Amino acid sequence: MKKKFIIVFLFFIVYGLALWGYLYGASAEIPHELQGTSVDPQTFMTSKELLLSEEYSTIRNFLSLLSAPYEWLILLFLLMWGWSKTFNIWAEKISKRNFMQTVIYLFWLSLATLILSAPLQWVRYKLSLKYGISVQSLHDWIKEQVIDFWFNYILMIIIIHVIYMLIRYTKKRWWFYTWILSIPFTLFLTFIQPVVIAPLYDDFSPLQNKQLEEKILRLADKANIPADHVYEVDKSEETNALNAYVTGIGSNSRIVLWDTTLERLTDNEILFIMAHEMGHYTMKHVYYGLLGSLVLSLVGLYLVHKIIGSLYMRYKKKIEISSLGSLATVPLLLLIISMLSFAASPLTNYVSRVHEKKADEYAIELIEDKEAAVSSFQKLSKAGLSQVNPPSLVKFFQYTHPPMLERMQYIQQHK
């Protein structure tokens with residue numbers, strides 16, 4: 001199995017080289033007929049910003065498209081080199097209880113994954129610092145990584161323990177029972193996210209600009225959104241990027257603005273962005289998203305069941321794992337889930353882009369200010385050093401929003 005991993009590693013290197021060649025050679029120029037218009041970055045970015053945008057976008061897109069295969073490589077390494085089996089042996093020696101074995105095994109697996117993925121995470125952090133996207137201190141970055149580690153670890157304990165309990169109980173129907181249990185679990189996480197999960201990472205406070213808050217709440221009332229407060233979150237110590245959103249469901253809904261957005265956008269630009277986010281809420285995109293994810297997870301879990309069973313039967317002697325219900329097979333489970341998610345990303349990204357376009361349409365009809373809409377997109381592009389017209393492969397696999405070129409064009413053409 002170690003020799004096969006080396007072959008896989010060589011394929012990963014070839015993929016990385018081919019990917020870099022594609023991104024480095026891909027043209028981000030806008031169509032000739034749009035050059036010189038307000039959608040042309042040369043009209044709202046300096047020559048230095050244009051150069052930095054091309055450099056940063058190329059490297060960022062490379063790292064983003066490399067991250068999933070790199071994750072697969074890590075999981076294969078832990079499986080093929082016997083580390084997963086070793087972690088399981090350690091867990092079984094320490095405790096005879098299944099739950100405690102899961103706790104112990106996943107700690108070592110999570111720690112190993114963290115260590116092996118750290119180089120890529122470090123490069124991404126340093127890249128965002130170099131190009132001025134992030135201003136986050138090393139201390140705060142490490143703190144965020146620690147929070148991520150423990151939050152994901154606790155979540156994994158619950159999920160993996162339940163899945164493997166079901167695999168041991170019913171090898172043929174575990175995927176369906178897992179899906180049934182995932183429905184209330186997903187709804188619960190979505191409901192508590194604004195008030196429990198988000199505050200783990202950021203400090204939220206009521207919006208200090210009461211005049212702006214009144215404007216936003218009037219807009220929310222016009223959009224039939226039950227909101228009494230607008231929140232701002234202090235992100236300027238971490239990033240120069242801009243963001244605003246409406247999050248949560250039911251009584252836990254929140255309207256949130258980053259302080260960077262408040263500092264760098266005009267009131268009219270902020271109102272357009274908030275109207276866009278309110279469009280998602282009004283058109284119930286969060287519910288459609290939940291429904292879509294549940295349908296995809298049903299299909300995905302069935303495919304995982306079929307694929308993992310087939311692969312285990314084929315390679316069980318080589319990986320020396322006694323049963324499919326052994327925790328040592330967790331990297332294989334995670335690998336299949338990750339690969340299926342990646343394969344589904346073009347579809348989910350497309351649906352997301354459709355929703356974003358509809359939200360743009362809703363926003364421009366709500367506030368009727370095309371100039372503020374276009375200028376907000378221009379400032380978002382500058383703040384994030386993002387390409388207004390990215391390569392097709394990047395849009396296909398990475399973009400949950402339409403490229404800025406398409407968004408600005410659509411706003412200008414909207415009647």
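Is Asp267 buried, exposed or partly exposed? Asp267 is partly exposed, at a relative accessible area of 28%. The cut-offs are these: buried is under 20% relative accessible area, exposed is over 50%, and partly exposed lies in between, with a 1.4 Å probe and protein chains only.

A word on the model before we go on. This is a predicted model, where local features need pLDDT of at least 70, side-chain atom pairs count only at pLDDT 80 or more, and totals for chains, interfaces and linings use all residues. Residues are numbered from 1 along each chain as its sequence is written, and side-chain values use heavy atoms, with hydrogens and water left out.

Let's start with the salt bridges. The structure holds nine of them. A salt bridge here is a side-chain nitrogen of Lys or Arg within 4 Å of a carboxyl oxygen of Asp or Glu. In general, side chains of opposite charge can pair when their charged atoms come close.

Back to Asp267. Its partner is Lys215, and the N to O distance in this salt bridge is 3.1 Å. Lys215 sits in helix α7 (residues 210-222) and Asp267 in helix α9 (residues 267-282), so the pair ties together parts 52 residues apart in sequence. Helices are DSSP runs of H or I with at least four residues, strands are runs of E with at least two, and both are numbered from the N terminus. Lys215 is partly exposed, with 31% relative accessibility.

Next bridge: Arg407 and Asp360. Their side chains meet at 2.9 Å, N to O. This pair links distant parts of the chain, with Arg407 in helix α14 (residues 404-413) and Asp360 in helix α11, 47 residues apart. Are these two residues buried or exposed? Arg407 is buried, at a relative accessible area of 7%. Asp360 is buried as well, at 2%.

One further bridge joins Glu238 to Lys235. The closest N and O atoms are 3.1 Å apart. Glu238 is buried, at 16% relative accessible area. Lys235 is buried too, at 9%.

Now the aromatics. How many aromatic pairs does the structure hold? There are 28. Rings of Phe, Tyr and Trp (its six-membered ring) pair if their centres lie within 6.5 Å; planes under 30 degrees apart are stacked, over 60 edge-to-face, and the rest tilted.

Take Phe87 and Trp90. Their ring centres are 5.6 Å apart and their planes stand at 55°, so this pair is tilted. Both residues belong to helix α3 (residues 83-94), and because they are three residues apart, about one helical turn separates them. Phe87 is buried, at 5%. Trp90 is partly exposed, at 33%. Both rings also belong to a cluster linked by ring pairs, together with Trp83, Phe107, Trp108, Phe149, Trp150 and Tyr153.

Trp90 brings us to the surface. A nonpolar patch is formed there by Ile6, Phe9, Leu10, Ile13, Leu17, Trp81, Trp83, Ile89, Trp90 and Trp108, with about 930 Å² of accessible area together. Patches are made of residues with over 30% relative accessible area and no salt bridge; like charges are joined within 9 Å, and nonpolar side chains (Val, Leu, Ile, Met, Phe, Trp, Tyr) within 5 Å. The areas come from the Shrake-Rupley method with a 1.4 Å probe, and for residues only the protein chains shown count as cover.

Which helix gives the most to this patch? It is α1, with five residues. Helices α1 (2-25) and α3 each supply at least two. Leu17 is found in α1. Leu17 is exposed, at 61%.

Asp203, Asp234, Glu237 and Glu263 form a negative surface patch. Lys and Arg count as positive, Asp and Glu as negative, and His and the chain ends are not counted. Each charge is placed at NZ of Lys, CZ of Arg, CG of Asp or CD of Glu. Asp234 is in the loop between β2 (230-233) and β3 (244-247). Asp234 is partly exposed, at 37%.

Last, two distances. Ile321 lies in the loop between α10 (285-319) and α11 (330-367). Ile321 is buried, at 6%. From Ile321 to Leu51, the C-alpha separation is 52 Å, across 270 residues of sequence. Lys370 is in helix α12 (residues 370-384). Lys370 is partly exposed, at 35%. The C-alpha atoms of Lys370 and His414 are 8.8 Å apart, with the two residues 44 apart along the chain.
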